[in-house]
Amino acid sequence: MRWSSSATCLWLTVLLEDCGNCNAVCEQHCSNTCGELNGNVQYECGSCLPGNGGCHPDAPGYADHVRDTKAVRSFCHRVCVASECKHISGDVETICGACHTNAHCNPSASDFELPNASSGHDVGVLLGGLTACSALETAVEIHTKWFHEQQEAERRFISQLPQLCIVPTAYEVRLHELLQPMQAAINRHVRSAFFVKAACTSISFELAPQESETAVCNEPILKHEPFNLVEGFYVVNLTLHLIRSGPAHCSLQDPALLARWEGEMARVQAYHRSNMAFEQLWSRFSGRCAVIRTAVTFSQHIGRGRFRDLNCAVQTNPSCTSVREIAPSKAQIAAGIDEQLTSND
(Lines give C-alpha, C1' and ligand atoms only; values in the text may rest on other atoms or scores of the structure.)
Protein backbone atom coordinates (compact mmCIF):
# COMPACT_ATOMS: atom_id res chain seq x y z
CA MET A 1 0.00 0.00 0.00
CA ARG A 2 1.38 3.46 -0.86
CA TRP A 3 0.47 6.03 1.80
CA SER A 4 2.19 9.15 3.00
CA SER A 5 3.66 7.69 6.15
CA SER A 6 4.46 4.31 7.66
CA ALA A 7 1.99 4.98 10.46
CA THR A 8 -0.96 5.50 8.13
CA CYS A 9 0.09 2.48 6.10
CA LEU A 10 0.11 0.26 9.17
CA TRP A 11 -3.25 1.60 10.39
CA LEU A 12 -5.09 0.98 7.15
CA THR A 13 -3.44 -2.42 6.69
CA VAL A 14 -4.80 -3.50 10.06
CA LEU A 15 -8.27 -2.27 9.16
CA LEU A 16 -8.34 -4.18 5.89
CA GLU A 17 -6.59 -7.33 7.14
CA ASP A 18 -8.61 -10.53 7.06
CA CYS A 19 -10.02 -11.09 10.53
CA GLY A 20 -11.38 -14.59 9.97
CA ASN A 21 -14.97 -14.94 11.12
CA CYS A 22 -14.93 -11.99 13.52
CA ASN A 23 -18.41 -10.47 13.85
CA ALA A 24 -19.71 -13.14 11.46
CA VAL A 25 -23.45 -13.79 11.34
CA CYS A 26 -25.77 -16.34 9.74
CA GLU A 27 -28.05 -14.60 7.25
CA GLN A 28 -31.31 -16.12 6.02
CA HIS A 29 -30.00 -16.57 2.47
CA CYS A 30 -27.23 -18.86 3.81
CA SER A 31 -29.82 -21.65 3.51
CA ASN A 32 -28.63 -21.73 -0.13
CA THR A 33 -25.40 -23.48 -1.10
CA CYS A 34 -22.21 -21.39 -1.04
CA GLY A 35 -21.95 -21.64 -4.82
CA GLU A 36 -25.31 -19.86 -5.20
CA LEU A 37 -24.23 -16.86 -3.10
CA ASN A 38 -22.17 -13.78 -3.79
CA GLY A 39 -20.91 -11.00 -1.54
CA ASN A 40 -18.92 -11.50 1.67
CA VAL A 41 -19.86 -15.11 2.45
CA GLN A 42 -17.30 -15.28 5.27
CA TYR A 43 -19.14 -12.54 7.16
CA GLU A 44 -22.70 -13.43 6.16
CA CYS A 45 -22.50 -17.21 6.76
CA GLY A 46 -19.47 -17.55 9.05
CA SER A 47 -21.58 -18.38 12.11
CA CYS A 48 -23.90 -20.88 10.40
CA LEU A 49 -23.89 -24.42 11.79
CA PRO A 50 -23.31 -27.52 9.64
CA GLY A 51 -26.47 -29.19 10.91
CA ASN A 52 -28.64 -26.52 9.31
CA GLY A 53 -27.42 -27.29 5.77
CA GLY A 54 -26.81 -24.54 3.21
CA CYS A 55 -23.63 -22.46 3.35
CA HIS A 56 -21.39 -22.67 6.45
CA PRO A 57 -17.62 -22.78 7.13
CA ASP A 58 -17.41 -26.54 6.42
CA ALA A 59 -19.65 -26.50 3.34
CA PRO A 60 -18.37 -27.07 -0.22
CA GLY A 61 -17.43 -23.81 -1.89
CA TYR A 62 -17.05 -21.81 1.33
CA ALA A 63 -13.24 -21.87 1.21
CA ASP A 64 -13.30 -20.68 -2.41
CA HIS A 65 -15.19 -17.55 -1.34
CA VAL A 66 -12.84 -16.90 1.58
CA ARG A 67 -9.75 -17.21 -0.62
CA ASP A 68 -11.04 -14.46 -2.88
CA THR A 69 -10.10 -11.72 -0.42
CA LYS A 70 -9.42 -9.31 -3.26
CA ALA A 71 -13.17 -8.85 -3.64
CA VAL A 72 -13.28 -7.52 -0.08
CA ARG A 73 -10.05 -5.53 0.01
CA SER A 74 -10.21 -3.90 -3.40
CA PHE A 75 -12.54 -3.09 -6.26
CA CYS A 76 -12.36 -1.78 -9.83
CA HIS A 77 -13.35 1.84 -10.21
CA ARG A 78 -14.37 3.14 -13.61
CA VAL A 79 -11.34 5.48 -13.62
CA CYS A 80 -9.10 2.38 -13.90
CA VAL A 81 -10.69 1.37 -17.20
CA ALA A 82 -9.79 4.60 -18.97
CA SER A 83 -6.55 5.72 -17.28
CA GLU A 84 -3.08 4.27 -16.84
CA CYS A 85 -2.04 3.67 -13.24
CA LYS A 86 0.52 6.47 -13.29
CA HIS A 87 -2.22 9.01 -14.06
CA ILE A 88 -4.54 7.91 -11.22
CA SER A 89 -4.50 9.96 -8.05
CA GLY A 90 -4.96 7.51 -5.23
CA ASP A 91 -4.04 4.09 -3.94
CA VAL A 92 -4.31 2.03 -7.12
CA GLU A 93 -3.97 -1.25 -5.20
CA THR A 94 -7.32 -0.49 -3.61
CA ILE A 95 -9.25 1.21 -6.39
CA CYS A 96 -7.89 -0.88 -9.30
CA GLY A 97 -6.81 -4.11 -7.57
CA ALA A 98 -9.80 -6.12 -8.82
CA CYS A 99 -9.66 -4.94 -12.45
CA HIS A 100 -9.26 -7.39 -15.32
CA THR A 101 -6.43 -7.05 -17.84
CA ASN A 102 -8.57 -5.12 -20.36
CA ALA A 103 -8.55 -2.14 -18.00
CA HIS A 104 -5.70 0.31 -18.55
CA CYS A 105 -4.81 0.07 -14.87
CA ASN A 106 -4.87 -3.47 -13.48
CA PRO A 107 -2.57 -5.61 -11.28
CA SER A 108 -0.71 -6.83 -14.38
CA ALA A 109 0.01 -3.34 -15.72
CA SER A 110 3.68 -2.34 -15.86
CA ASP A 111 3.09 0.81 -13.82
CA PHE A 112 0.79 -0.79 -11.21
CA GLU A 113 3.52 -1.02 -8.56
CA LEU A 114 5.19 2.28 -9.40
CA PRO A 115 4.85 5.09 -6.84
CA ASN A 116 2.63 7.82 -8.23
CA ALA A 117 2.85 11.53 -7.57
CA SER A 118 -0.19 11.69 -5.32
CA SER A 119 -0.39 9.39 -2.34
CA GLY A 120 -3.96 10.09 -1.31
CA HIS A 121 -7.36 9.02 -2.55
CA ASP A 122 -8.84 11.23 -5.24
CA VAL A 123 -11.90 13.09 -3.92
CA GLY A 124 -13.87 12.18 -7.05
CA VAL A 125 -13.25 8.46 -6.53
CA LEU A 126 -14.31 8.62 -2.90
CA LEU A 127 -17.32 10.85 -3.55
CA GLY A 128 -18.69 8.84 -6.46
CA GLY A 129 -18.16 5.52 -4.71
CA LEU A 130 -19.49 6.67 -1.35
CA THR A 131 -22.63 8.16 -2.90
CA ALA A 132 -23.30 5.05 -5.01
CA CYS A 133 -22.83 2.77 -2.00
CA SER A 134 -25.17 4.82 0.18
CA ALA A 135 -27.77 4.98 -2.59
CA LEU A 136 -27.90 1.22 -3.17
CA GLU A 137 -27.85 0.30 0.52
CA THR A 138 -30.61 2.83 1.27
CA ALA A 139 -32.74 1.82 -1.72
CA VAL A 140 -32.57 -1.86 -0.71
CA GLU A 141 -33.49 -0.99 2.89
CA ILE A 142 -36.49 1.07 1.73
CA HIS A 143 -37.60 -1.67 -0.66
CA THR A 144 -37.42 -4.16 2.22
CA LYS A 145 -39.44 -1.82 4.44
CA TRP A 146 -42.22 -1.41 1.87
CA PHE A 147 -42.15 -5.13 1.09
CA HIS A 148 -42.98 -5.86 4.74
CA GLU A 149 -45.55 -3.03 4.74
CA GLN A 150 -47.21 -4.60 1.70
CA GLN A 151 -47.45 -8.02 3.30
CA GLU A 152 -48.79 -6.55 6.54
CA ALA A 153 -51.41 -4.56 4.57
CA GLU A 154 -52.51 -7.72 2.74
CA ARG A 155 -52.93 -9.63 6.00
CA ARG A 156 -54.85 -6.72 7.50
CA PHE A 157 -57.12 -6.58 4.44
CA ILE A 158 -58.20 -10.21 4.83
CA SER A 159 -58.71 -9.84 8.60
CA GLN A 160 -61.04 -6.87 7.97
CA LEU A 161 -63.21 -8.57 5.34
CA PRO A 162 -66.03 -9.35 7.85
CA GLN A 163 -66.59 -5.56 7.99
CA LEU A 164 -67.96 -5.72 4.43
CA CYS A 165 -71.17 -7.21 5.67
CA ILE A 166 -71.93 -5.00 8.66
CA VAL A 167 -74.03 -2.83 6.31
CA PRO A 168 -74.60 -4.91 3.14
CA THR A 169 -75.97 -1.93 1.19
CA ALA A 170 -72.61 -0.18 1.67
CA TYR A 171 -70.64 -3.22 0.52
CA GLU A 172 -68.93 -1.59 -2.48
CA VAL A 173 -68.04 1.60 -0.58
CA ARG A 174 -66.53 -0.35 2.28
CA LEU A 175 -64.65 -2.67 -0.09
CA HIS A 176 -63.06 0.37 -1.73
CA GLU A 177 -62.09 1.73 1.71
CA LEU A 178 -60.46 -1.58 2.68
CA LEU A 179 -58.65 -1.88 -0.64
CA GLN A 180 -57.16 1.61 -0.61
CA PRO A 181 -54.41 1.17 2.05
CA MET A 182 -53.41 -2.22 0.59
CA GLN A 183 -53.17 -0.75 -2.91
CA ALA A 184 -51.05 2.14 -1.61
CA ALA A 185 -48.63 -0.25 0.12
CA ILE A 186 -48.37 -2.44 -2.99
CA ASN A 187 -47.70 0.59 -5.20
CA ARG A 188 -44.94 1.82 -2.90
CA HIS A 189 -43.31 -1.60 -2.81
CA VAL A 190 -43.41 -1.95 -6.60
CA ARG A 191 -42.12 1.58 -7.22
CA SER A 192 -39.34 1.18 -4.64
CA ALA A 193 -37.89 -1.61 -6.81
CA PHE A 194 -37.20 0.96 -9.55
CA PHE A 195 -35.06 2.96 -7.11
CA VAL A 196 -33.05 -0.20 -6.39
CA LYS A 197 -32.58 -0.73 -10.13
CA ALA A 198 -31.43 2.89 -10.63
CA ALA A 199 -29.04 2.69 -7.66
CA CYS A 200 -27.65 -0.62 -8.93
CA THR A 201 -27.01 0.95 -12.35
CA SER A 202 -25.13 3.79 -10.66
CA ILE A 203 -22.96 1.58 -8.45
CA SER A 204 -22.16 -0.84 -11.27
CA PHE A 205 -20.98 2.16 -13.31
CA GLU A 206 -18.78 3.37 -10.43
CA LEU A 207 -17.45 0.14 -8.95
CA ALA A 208 -18.04 -2.61 -11.53
CA PRO A 209 -17.23 -1.02 -14.91
CA GLN A 210 -15.98 -4.32 -16.33
CA GLU A 211 -19.07 -6.28 -15.39
CA SER A 212 -22.25 -6.42 -17.44
CA GLU A 213 -25.03 -4.26 -15.97
CA THR A 214 -27.48 -6.87 -17.25
CA ALA A 215 -25.76 -9.60 -15.25
CA VAL A 216 -25.19 -7.43 -12.18
CA CYS A 217 -28.56 -5.68 -11.91
CA ASN A 218 -31.18 -6.83 -14.40
CA GLU A 219 -30.95 -10.61 -14.16
CA PRO A 220 -31.29 -10.88 -10.33
CA ILE A 221 -34.32 -8.56 -10.40
CA LEU A 222 -35.94 -10.47 -13.26
CA LYS A 223 -35.36 -13.78 -11.47
CA HIS A 224 -37.13 -12.32 -8.44
CA GLU A 225 -40.20 -11.29 -10.46
CA PRO A 226 -41.91 -14.73 -10.55
CA PHE A 227 -41.90 -14.77 -6.73
CA ASN A 228 -43.47 -11.32 -6.72
CA LEU A 229 -46.10 -12.30 -9.29
CA VAL A 230 -47.33 -15.31 -7.30
CA GLU A 231 -48.32 -13.02 -4.44
CA GLY A 232 -49.59 -10.31 -6.79
CA PHE A 233 -51.88 -12.62 -8.74
CA TYR A 234 -53.33 -14.02 -5.54
CA VAL A 235 -54.24 -10.51 -4.35
CA VAL A 236 -55.73 -9.64 -7.75
CA ASN A 237 -57.81 -12.84 -7.93
CA LEU A 238 -59.12 -12.38 -4.39
CA THR A 239 -60.02 -8.76 -5.11
CA LEU A 240 -61.82 -9.67 -8.36
CA HIS A 241 -63.74 -12.41 -6.54
CA LEU A 242 -64.99 -9.91 -3.95
CA ILE A 243 -65.95 -7.38 -6.63
CA ARG A 244 -67.83 -9.95 -8.71
CA SER A 245 -69.61 -11.42 -5.68
CA GLY A 246 -70.85 -8.04 -4.52
CA PRO A 247 -73.24 -8.00 -1.55
CA ALA A 248 -74.06 -11.66 -2.27
CA HIS A 249 -70.74 -12.41 -0.57
CA CYS A 250 -72.41 -11.55 2.72
CA SER A 251 -74.79 -14.49 2.38
CA LEU A 252 -71.75 -16.79 2.33
CA GLN A 253 -70.42 -15.76 5.72
CA ASP A 254 -68.22 -18.72 6.55
CA PRO A 255 -65.36 -18.56 9.08
CA ALA A 256 -63.72 -21.49 7.32
CA LEU A 257 -63.54 -19.47 4.07
CA LEU A 258 -61.78 -16.58 5.81
CA ALA A 259 -59.34 -19.00 7.46
CA ARG A 260 -58.63 -20.59 4.08
CA TRP A 261 -57.85 -17.20 2.53
CA GLU A 262 -55.56 -16.34 5.43
CA GLY A 263 -53.71 -19.63 5.00
CA GLU A 264 -53.37 -19.20 1.24
CA MET A 265 -52.10 -15.64 1.70
CA ALA A 266 -49.55 -16.82 4.26
CA ARG A 267 -48.22 -19.42 1.81
CA VAL A 268 -47.81 -17.05 -1.16
CA GLN A 269 -46.21 -14.44 1.09
CA ALA A 270 -43.72 -16.99 2.45
CA TYR A 271 -42.87 -18.02 -1.12
CA HIS A 272 -42.22 -14.37 -2.02
CA ARG A 273 -40.01 -13.89 1.06
CA SER A 274 -37.93 -16.94 0.15
CA ASN A 275 -36.22 -15.03 -2.67
CA MET A 276 -33.48 -12.66 -1.42
CA ALA A 277 -32.54 -11.11 -4.78
CA PHE A 278 -32.63 -7.49 -3.62
CA GLU A 279 -30.67 -8.14 -0.44
CA GLN A 280 -28.08 -10.06 -2.46
CA LEU A 281 -27.66 -7.08 -4.78
CA TRP A 282 -26.33 -5.15 -1.81
CA SER A 283 -24.27 -8.14 -0.62
CA ARG A 284 -22.55 -8.16 -4.01
CA PHE A 285 -21.16 -4.66 -3.39
CA SER A 286 -20.95 -4.50 0.40
CA GLY A 287 -17.29 -5.58 0.46
CA ARG A 288 -16.27 -2.95 -2.07
CA CYS A 289 -18.28 -0.33 -0.21
CA ALA A 290 -16.53 -1.30 3.02
CA VAL A 291 -13.22 -0.44 1.33
CA ILE A 292 -14.57 2.95 0.20
CA ARG A 293 -15.95 3.75 3.65
CA THR A 294 -12.76 2.65 5.36
CA ALA A 295 -10.82 4.99 3.10
CA VAL A 296 -13.16 7.88 3.93
CA THR A 297 -13.01 7.14 7.64
CA PHE A 298 -9.24 6.82 7.44
CA SER A 299 -9.12 10.23 5.77
CA GLN A 300 -10.44 11.94 8.89
CA HIS A 301 -8.80 15.25 9.64
CA ILE A 302 -7.94 14.54 13.30
CA GLY A 303 -7.47 18.18 14.28
CA ARG A 304 -10.93 19.24 13.13
CA GLY A 305 -12.79 15.95 13.45
CA ARG A 306 -13.84 16.21 9.79
CA PHE A 307 -13.63 13.60 7.04
CA ARG A 308 -11.38 14.68 4.22
CA ASP A 309 -9.41 13.44 1.25
CA LEU A 310 -6.30 11.63 2.47
CA ASN A 311 -4.06 14.36 1.04
CA CYS A 312 -5.91 16.84 3.21
CA ALA A 313 -5.39 14.66 6.27
CA VAL A 314 -1.65 14.53 5.59
CA GLN A 315 -1.29 18.22 4.74
CA THR A 316 -3.82 19.40 7.41
CA ASN A 317 -4.95 21.93 4.86
CA PRO A 318 -8.13 23.72 6.01
CA SER A 319 -9.12 24.56 2.44
CA CYS A 320 -9.43 20.92 1.36
CA THR A 321 -12.79 19.54 0.32
CA SER A 322 -14.61 17.40 2.87
CA VAL A 323 -15.92 14.23 1.22
CA ARG A 324 -18.43 13.59 4.00
CA GLU A 325 -19.79 17.11 3.66
CA ILE A 326 -20.35 16.76 -0.10
CA ALA A 327 -21.69 13.20 -0.26
CA PRO A 328 -25.40 12.88 0.59
CA SER A 329 -26.12 10.91 3.75
CA LYS A 330 -28.29 7.78 3.84
CA ALA A 331 -30.92 9.77 5.74
CA GLN A 332 -31.06 12.39 2.98
CA ILE A 333 -31.30 9.72 0.29
CA ALA A 334 -34.03 7.88 2.23
CA ALA A 335 -36.03 11.08 2.72
CA GLY A 336 -35.89 11.81 -1.01
CA ILE A 337 -37.00 8.31 -2.02
CA ASP A 338 -39.82 8.17 0.55
CA GLU A 339 -41.06 11.58 -0.53
CA GLN A 340 -41.38 10.38 -4.11
CA LEU A 341 -42.96 7.07 -3.11
CA THR A 342 -45.66 8.70 -1.00
CA SER A 343 -46.36 11.77 -3.16
CA ASN A 344 -48.58 9.94 -5.69
CA ASP A 345 -50.71 7.77 -3.39
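**Disulfides and a surface patch**

Author: This is a predicted model. Take one link in it: the bond of C26 and C48 is right-handed, with 105 degrees about the S-S bond.

Reader: What is a disulfide, in general?

Author: A disulfide is a covalent bond between the sulfur atoms of two cysteines.

Reader: And how far is it from S to S for C26 and C48?

Author: The distance is 2.0 Å.

Reader: Is C26 buried or partly exposed?

Author: C26 is partly exposed, at 44% relative accessibility.

Reader: Why does C48 count as buried?

Author: Because its relative accessibility is 6%, and buried means under 20%.

Reader: How many disulfides does a search of the whole structure find?

Author: Seven. One of them joins C34 and C55, with sulfur atoms 2.1 Å apart. This pair links distant parts of the chain: C34 is in the loop between α1 and α2, C55 in the loop between α2 and α3, 21 residues apart.

Reader: Is the disulfide of C34 and C55 right-handed or left-handed?

Author: Right-handed, because the torsion about its S-S bond is about 100 degrees.

Reader: Are those two cysteines buried or exposed?

Author: C34 is buried, at 0% relative accessibility. C55 is buried too, with a relative accessible area of 0%.

Reader: Now C200. Which residue does C200 form a disulfide with?

Author: With C217; the sulfur atoms are 2.0 Å apart. The torsion about the S-S bond is -90 degrees, and the link is left-handed.

Reader: Where do C200 and C217 lie?

Author: C200 is in helix α8 (residues 171–207) and C217 is in helix α9, so the pair ties together parts 17 residues apart in sequence.

Reader: Is C200 buried or exposed? And C217, buried or exposed?

Author: C200 is buried, with a relative accessible area of 0%. C217 is buried as well, with a relative accessible area of 0%.

Reader: Change of topic. Which residues form a nonpolar patch on the surface?

Author: V236, L240 and I243. Together they have about 240 Å² of accessible area.

Reader: Where does V236 lie?

Author: In helix α9, which covers residues 213–245.

Reader: Why does V236 count as partly exposed?

Author: Because its relative accessible area is 43%. Partly exposed falls between the cut-offs: buried is under 20%, exposed over 50%.

Technical notes:
Residues numbered from 1 in each chain as written. Predicted model: local features only at pLDDT ≥ 70, side-chain atom pairs only at ≥ 80, totals over all residues. Heavy atoms only, no water. Patch = residues over 30% accessible without salt bridge, like charges linked within 9 Å, V, L, I, M, F, W, Y side chains within 5 Å. Areas by Shrake-Rupley, 256 points an atom, 1.4 Å probe, with all protein chains shown as cover. Salt bridge = Lys/Arg side-chain N within 4 Å of Asp/Glu carboxyl O. Helix = DSSP H or I, 4+ residues; strand = E, 2+ residues; numbered from the N terminus. Buried < 20%, exposed > 50% of the residue type's maximum accessible area, 1.4 Å probe, protein only. Disulfide = S-S within 2.5 Å.
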